[in-house]
Amino acid sequence: MKGEGTNIFQRWVIVSCLILVSFFIFPSPLYAEAQADCGAHDTPSDGGGSITIFWSDSADLIPAHVDTLTVYRRAVGDSDWDRLAETTTREKLFLDNNTIDGIAYEYRLEAKDSVSGTQFRVGSVTSSPQWFNANRTVVLVGVLACLAVLAGVMYIQRSGKSFYVRPIRGLEAVDEAVGRATEMGKSVLFTPGWGGDIQRPTTIAALNILRYVATKTAEYRCDLYFPTHDPVIMAAAEEVIHEAYIEQGQADIYNADNVFYTTSSQLGYAAAVDGLITRYKPAAVFLLGTFEGEALILAETGNSVGAMQVAGTDSTIQLSFFMVACDYTLIGEELFAASGYLTKDSKILASVKVQDYLKVIIVTLLVVGAIMATFGSSVLSDWLGQT
Amino acid sequence: MDLTRIDKRIIYLLLLLAVAIPLLTKLELPVNVGPQTEKVFEAIEEIPAGSHIIVSFDIEASSLPEVQPVAEAMIRHTFGRDLRIVGLALFSEGTAIGYNMLSSIAQEFGKEYGEHYIYLGFRPQYVSAILGMGEDINSVFPLDYMNDDWTEYPAFAKVRNYSDISLVLSIADGSLPTYWVEYAGSRYHQKIVTGLTAVMATSYYPYTESGQLVGMVGGLKGAAEYEKLLGYVGGGQRGMLAQSSGHLLIILVVCIANIAAWRKRR
Amino acid sequence: MLRKRIPLLICFVFGAFGLAQYYSPHPIVVSGYSTVLDWVQIIFAFTLIVGVLSVFQIHLKKISRREKLWGYSIVTLSAIIVMASAGFLGGTGRGTAFVWMFDNMQVPMQSTVFALLAFFVATAAYRGFRLRNVEAGILLAAAIVIMLGRIPIGALISDYIPAGAEWILTVPSMSAKRAVLIGIGLGSITTALRVILGIERSYLGRG
C-alpha cells in the first residue's frame, strides 16, 4: 500500500513538473509571429472561427499620414475580394471573427487617403479551434500546484504522520451548545444562510458541521430545526440529518418536518427564521454558511432570546456583525476546517493542512512580488495577471 | 438611570424619529462626489453611443427603497448617453422591478422597446446564467419578457455574448456582483460596474481596487453623488438628511455608552 | 456499495469536467459545458416544485393537526395561492393585480424586515463599541470616521473626514479583508478538491 502511494506521488510530481516546464520552454505563437512586419495567423487559444491579422507601423507598409486601413478577405481560389471592415492603422491588430474553420483565407489591407496609399496581402491562413487556452496557463499552474501539494501531504499522511490543527473555539462550543439546549429542554436551530447554494463549498462545509450537530442532537434527543431558502439544500440536509439519527440508533425521533424550505426571497427567509426563533426560543442557534444582509437580523434575534450562538461565514462583511452578536464566530477558513476538526478523519485533516502550505506559497509570492514591484519590475505581477 | 444599559426599545424609538423627521423636511445637504461613483460615471461616459450594455436587476423587493435611486440614476445616464440596454434579472423578484423601472425611464427619455432597450426577464441559477451568457445569450434567454424572439429586433440581432457587450451594470443588494466578477469578469474579461446597498458596498473594495470591478455606486450616498453628476435631485439627495441624522444618532449612543462606562469604572 | 459509489463517481466526473473545461475553448468542450449548465437550470426549476410542495405539506399538516399557531399557516398558504393565481390568471405586466400586490404588499413588508437592519446595527454598535483597550479604541475611532465620512456632514466638518473614511476602507480594512478572502479561497479550493476526489463524504449523508 505504501509503495503504491509512493508511485502515485512520484507520477504526480513528474507530470506536474513536465507540464510546468513545458510552459516556459514553448513560447506562445502570437509572440513568435509578432516579430514580423505583417502577417496573419489562426487566433490562438480560441474556439475556432477567428483569424488574427497584424501589421507594424513601418513606413514601407503604411504611409505616415494615413490613418484608415480597409481590410478585404477572400477564400483561396476565389477571385472576388469581400470588404470586411475599416479600422485605424494605429490598432496594429484586426480580428476576423467570422471565418469557417478549415477554409484557407487570404487578406488584402489597403492603407490610403486622398493623397497616397499602399496595399499589402497576408495569408493564406486557416482557422481552427484549440484544445488548450494558453492564456489560462497561470491558473492551471496554480491548480497543479494545489494538486501537487495535496498529493504530497496525502503521501505523508499515509506514512502515519498526524497533523495538528489548532483548537477552534467555535467548534469546541458545538457540544456545549447542544448540551445546554438539552438541559434547558429547548431546541437547536441550524440555518445555512440565504447566500449559498449546494454548489458552494461553504454550503458543503456547513452540511459537514450539520452532520456533527445532528449526531449530538440525536444522542441527546434534542429537537433540531433546519430552515433553508433552497430546496436542494433542504433535500441534502434531510439526508444528512436522517443518516446521523440512524447512525445514533435514534431514527424513531427523527422528524422530517423540522427540515423545511421557507422561501427563496432573502428577507422572506429572514422573516421566517426570525419568526421561528421568536416562537420556539431555541437555546442554541447555528448560523453557518453563506450569509448576506440577513446575517445581523438573525443574529440579533437569536441574541434577544438568549440563545447561545455559533456563527461562521465566508462573507467578510457579515463576519463583523457576527462578531458583535454571536458567542463564537468561525472566521472564513475555520469553517472549511470544521469537517476534519470535528470528525478527526486523518485524510480530511491532511487536506486542511494543505491550506497552510498553499498559504505559505501565496505569502512568498506576495512578498517577492512586492519587492520586485518596489524595484520597478512587474514581471511576476504581469505573469500572475494573465487569465 | 444606567446609561450603559439603555433599553434597546428606546434606541429603536430614537432611531425611528431620527430617520423619519428629516424625511418630512425638504432640507438638502451639499454632496461631494466620491472616487467610486466617479469611476462608474466615467466608465459609462467612455462607451460609444449605440453600444450595448447589460443592466441586471439582481435585487429583491426588500432593498428597493435604497437601491431604486441608485438604479434610476444609472439608467438615466445610460439612456441619456444613447446606449442600448439589455435588461435582465437574476433574482425572481427583480423581474417585475426591472421591467417597470426600465420601461418608465425609457418613456421619460422617449426610448422605444426593441430599438433602444429590451428586457429578457428572469433566469434561475445565476452562476449558470452568467456563464451561459458568456457563450451565447440567446441560449440562456431564447425569448424576451414578452415571449418574443428578441434577436428579431435589428438593433439587438448581433448581440451574441459578452464580446458584444460594452459593460455589465449589476443593480444588486447582495453578493451577485461577486459572481459577475468571478464568472463574467475573470473568465470573459467583461467590464463590470455595480450599484448596490450601502451595507454591501464595503465588501467590494478589494474588487474595485484590483480593477475587477470598474467602480460602484453604494447606497443613498452613492445615488446622491450620481444625481449630482447628472444634475438633478432625486431620492438619493432627498434621503441624505435622514441618513446623516441616523449616523449621528448611532455615534451619539456609542459615545454616551462609553462615557457612562468610563464614569462607572471611576 | 453502489449507493455509496455512484454518487461519488458522478461527483468526480462532473467535478473533474468542470475543472478541465475552464482550460479549453474547443467547441466540443464548450458545448458539453453549455449542456451541463442547461441541466443545472432545468434541475433547479424542478427543485422549486419540491420546495413549494414542502411548504404546502408542512403547513397543511399544521392546520390539520391544529398545531400551535396554526392560524399563521392558513395566512401563508392563502398568500401563496392568491399571489400565484393573480400571476397565472392576470399576468405580471404593469397595471395587473399581481404587480399591485407586489408593489403595495410585498415591497413594503420586505422593506420593513430589511429596515430592521438599521435598528439592529444601532443596538449592536451600542453594545459592541466599548472602549476597553487600545485596539477597541482604534476600532471605535475608525467606525466614527467612516460613519461621518459616509454622510455629507462629514465633509462639512472637514475634508479630511471623507478622505480618511476612504483611506480606512481602501487600505487597512481592505488588506485585512484580502487576507481573510485568501484564506476563504484556499478553504474553498481544498473543500472542492476533497469533494471531487471523494475524500469528503459527510454532505452525502454517510461518512
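Me: What makes the meeting of the side chains of Lys61(C) and Asp257(A) a salt bridge?

Reply: This is a predicted model, so the test is run on predicted coordinates. The N to O distance between Lys61(C) and Asp257(A) is 3.0 Å. The cut-off is 4 Å, from a Lys or Arg side-chain nitrogen to an Asp or Glu carboxyl oxygen. The pair therefore qualifies as a salt bridge.

Me: How many salt bridges does the rule find across the interface of chain A and chain C?

Reply: The rule finds 2 there. It also finds 11 residue pairs in polar contact, both partners at pLDDT 80 or more. Helix 11 (residues 346-374) of chain A brings the largest share of the chain A side, 10 residues. By class, that side has 38 nonpolar, 17 polar and 14 charged residues.

Me: How do you know how much area chain A and chain C bury?

Reply: The size of an interface is often given as the accessible area lost when the parts come together. For chain A and chain C that is about 5,300 Å², with 70% on carbon and sulfur atoms. The contact takes 69 residues from chain A and 61 residues from chain C.

Me: What does the contact of chain C with chain B take from each chain?

Reply: It takes 49 residues from chain C and 63 residues from chain B. The buried area is about 5,000 Å², and carbon and sulfur atoms give 67% of it. On the chain C side, Arg94(C), Tyr126(C) and Arg150(C) lose the most area, together 15% of what that side buries.

Me: What is the count of salt bridges between chain C and chain B?

Reply: The count is 0. Polar contacts are a separate count: 10 residue pairs, both at pLDDT 80 or more. Several helices of chain C each supply at least two residues to this side, including helix 2 (27-64) and helix 8 (172-196). Helix 4 of chain C gives the most, with 16 residues. By class, the chain C side has 32 nonpolar, 10 polar and 7 charged residues.

Me: Why is the aromatic pair of Phe41(B) and Tyr226(B) called edge-to-face?

Reply: The centres lie 5.7 Å apart, and the planes make 65 degrees. Pairing needs centres within 6.5 Å, and edge-to-face needs planes over 60 degrees apart. Both tests are passed, so the label holds. A search of the whole structure finds 25 aromatic pairs over all chains.

Me: Which parts of chain B does that pair tie together?

Reply: Phe41(B) lies in helix 2 (residues 35-46) and Tyr226(B) in helix 10 (residues 219-230), so the pair ties together parts 185 residues apart in sequence.

Me: Into which domains is chain B divided?

Reply: Domain 1 is 1-28 + 235-266, and domain 2 is 32-232. Their C-alpha centres lie 35 Å apart.

Me: How many residues of each domain of chain B are in contact?

Reply: 6 residues of domain 1 are in contact with 8 residues of domain 2. The buried area is about 530 Å², with 59% from carbon and sulfur atoms. In domain 1, Gly236(B), Gln237(B) and Met240(B) lose the most area, together 65% of what that side buries. The salt bridge count between these domains is 0. The rule finds 4 residue pairs in polar contact, both at pLDDT 80 or more. The domain 1 side has 1 nonpolar, 5 polar and no charged residues.

Note on methods: Residues numbered from 1 in each chain as written. Chains lettered and ligands numbered in written order. Heavy atoms only, no water. Contact = heavy atoms within 4.5 Å. Buried area = accessible area lost by both parts, 1.4 Å probe. Polar contact = N/O pair within 3.5 Å; in protein donor to acceptor, adjacent residues only side chain to side chain. Helix = DSSP H or I, 4+ residues; strand = E, 2+ residues; numbered from the N terminus. Nonpolar A, V, L, I, M, F, W, Y, C, P; charged D, E, K, R; others polar. Domains from an automatic or database assignment. Phe/Tyr/Trp six-rings, centres within 6.5 Å; stacked < 30°, edge-to-face > 60°.
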